[in-house]
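Please look over the structure shown here. A short report on its contacts, helix packing and confidence follows.

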Amino acid sequence: MSESVENNSVIRDLTTGPIAKGLIQYALPVMGANLLQALYTLVDLWVVGKYNPAATISAVSISGQLVFLLHAVGIGMGNGGQVLIAQQVGAKEYGKLKHSIGTLFTFCMVTSLVITLIAAAGRNLWLGLLQTPKEAFTDATVYLLICAIGVPFVYETGTICAILRGVGDSKRPMYILGVSAVINVVLDFWFIAGLGWGAAGAAWATSISQVAAGIYAFYVFLRTCRGLGFEMKAENFRLHGRSLKAILKLGLPLVVQSVCVTLSMLVVTAMVNTYGVAASAVTGIGQKLNSLINVVTGGIQTSVASVIAQNFAARKIDRVRKVYRTGNEICFIFFLFLAFVSWFFPARIIGFFTQPSETEVLAYAPTYMHIAIILYFAFCTMTTSLGHINAVGFTFLNLIIAMIDAVVGRLGISFLLGNVLGLGVYGYWLGNALSALISVVMGVGYYIFGNWENRKILA
């Protein structure tokens, strides 16, 4: 079994070969997948903004943050499973792959059903807690309810993509997400521009595309699972105790990390929402821009995590250090580009997602985009460090970083600047940006002083 799995073309050994070339070759399909995901969320907002008033933009933006929160558990557990599988590949523990795959799949699917029910039943409560403007409340409720339908399919797709990336295959996940993106974009124009369904049209386009991606992902899984030593039998989907323990140890801190960051952003969003639809719309556009930036930073972080996890499990510490440096170099070049366009073209960037008549929204653009440069610097300098922390299995540290970032940083600094010092919405934006620097300091500090080389692997 182990030899047949090792020689299978699905598994890619990331412990040999040129560092920069290997990292970029792995990262490019991940970036492609991230771009496709960001594309359809941006198209959602663009089409909604061009054919609807600012209140509809606000509704889609606010509910979109809640939808991201619904996905947080699946993302965290998938990332934890990916690291475990990558470590098993690096350590040549191929016989354990089937237990990790079956356990991850079952746990994530059961969890997704529970989360879907919670989201649908409590939609009015969640939106009320976010101080959703009354002009946007009905559309926001409809958007959240429809998007909840797609949650199980998002979890299924994410799990399969995590499994494939863990064994070194970053191309198939890009193809899977490509199906979702193309369908979503086509349906956006049909439902919103053509049929005039507004926020509901954006939600239906998203959910239908997620269902389609889930079906295609399962087809891909059927084609590749035997090569990983996994057969489609009921007994292989049972929760394996040791695998579940390892996945939870890696994944739960990532789940809580994502939830903490998202909740803190939702609280800041609720503060911003009290300043009206225009401020809410700008914040929503900014968050969509963050998802576009995550195309590169998230791609590098995912790639760094997988490449380092394999090399760390193989005890190739020098290669780990080279991967870390290469990731940072790529991200710094990307930051220079972001800083340039944000400083010189703020109105064009924000104006791309709204109508020319929304003058109040456009008036916020220069201040918001100039503040965002600080946030983009943090994104680009924390990326490799957080990927490194996950790869060596110390995901609990990322949880601590996220909690300090969220509670002490984002909420504390935002409240200080926005309320105590009276900067209002500008203080909330600045506090959100400054808080991200905490992750930079702690992540880089761990790499330099953390004695991570001596950690035990979970594989």
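## Contacts across the chain

Beyond its neighbours within four places in sequence, Arg-315 is in contact with Glu-453, Arg-455 and Ile-457. Contact means heavy atoms within 4.5 Å. This is a predicted model, in which local features need pLDDT of at least 70, side-chain atom pairs count only at pLDDT 80 or more, and totals for chains, interfaces and linings use all residues. Residues are numbered from 1 along each chain as its sequence is written, and side-chain values use heavy atoms, with hydrogens and water left out.

Arg-315 sits in the loop between α11 (277–313) and α12. Helices are DSSP runs (H or I, at least four residues), numbered from the N terminus. Arg-315 is not a glycine, yet has a positive phi of about 60°. Its relative accessible area is 42%, so Arg-315 is partly exposed. The classes are buried (under 20% relative accessible area), exposed (over 50%) and partly exposed (in between), with a 1.4 Å probe and protein chains only.

Asn-451 also has a positive phi, of about 55°, and is not a glycine. It is found in the segment after α17. With a relative accessible area of 48%, Asn-451 is partly exposed.

Ile-317 belongs to helix α12. It counts as buried, at 18% relative accessibility. Setting aside neighbours within four places in sequence, Ile-317 is in contact with Phe-312, Trp-452 and Glu-453.

The table gives their C-alpha separations.

| Pair | Apart in sequence | C-alpha to C-alpha |
|---|---|---|
| Arg-315 and Asn-454 | 139 residues | 9.7 Å |
| Ile-317 and Asn-454 | 137 residues | 10.0 Å |
| His-71 and Tyr-155 | 84 residues | 7.3 Å |

## Buried residues and the core

His-71 lies in helix α3 (residues 54–90). Its relative accessibility is 12%, so His-71 counts as buried. Apart from neighbours within four places in sequence, His-71 is in contact with Val-151, Val-154, Tyr-155 and Gln-210.

Asn-432 is part of helix α17 (residues 425–449). At 15% relative accessibility, this residue counts as buried too. Not counting residues up to four places away in sequence, Asn-432 touches Met-265, Leu-375, Arg-410 and Ser-414.

How many residues has the largest nonpolar core? It has 129. Those with the most contacts inside it are Ile-101, Leu-289, Tyr-376, Trp-429 and Trp-452. A nonpolar core is a set of buried Ala, Val, Leu, Ile, Met, Phe, Trp, Tyr and Cys residues joined through side-chain atoms within 4.5 Å. Trp-429, leaving aside neighbours within four places in sequence, is in contact with Val-272, Ala-279, Val-282, Thr-283, Tyr-364, Tyr-368 and Ile-371.

## Helix packing

Two packed helices are described by the angle between their axes and the distance between the axes. Axes are lines fitted to C-alpha atoms, for helices over the stretch in contact, and angles run from 0 to 180 degrees between N-to-C directions.

Helix α6 (residues 134–148) and helix α9 (residues 198–224) have axes that come within 8 Å and cross at roughly 10°. That makes α6 roughly parallel to α9 (angles under 35 degrees). The α6 side of the contact has Asp-139, Val-142, Tyr-143, Ile-146 and Cys-147. They meet α9 residues including Ala-199, Trp-204 and Gln-210. The contact of α6 with α9 has nine nonpolar residues, three polar and one charged. Nonpolar covers Ala, Val, Leu, Ile, Met, Phe, Trp, Tyr, Cys and Pro; charged covers Asp, Glu, Lys and Arg; the others, Gly among them, are polar.

The axes of helix α10 (residues 241–273) and helix α16 (residues 395–420) also come within 8 Å, crossing at roughly 10°. Hence α10 is roughly parallel to α16. The contact of α10 with α16 has 15 nonpolar, five polar and two charged residues. Among the α10 residues are Lys-249, Pro-253, Cys-260 and Met-265. The α16 residues include Phe-396, Met-403, Arg-410 and Ser-414.

## Confidence

The protein chain has a mean pLDDT of 85, and 97% of its residues reach 70 or more. pLDDT is the predictor's confidence in each residue, from 0 to 100. Confidence is lowest in helix α1 (residues 2–6), at a mean of 50. It is highest in helix α12 (residues 317–344), at 93. Where pLDDT is low, the predicted coordinates should not be read in detail.

How values were computed: Helix = DSSP H or I, 4+ residues; strand = E, 2+ residues; numbered from the N terminus. Parallel < 35°, antiparallel > 145°, perpendicular 65-115°, else oblique.
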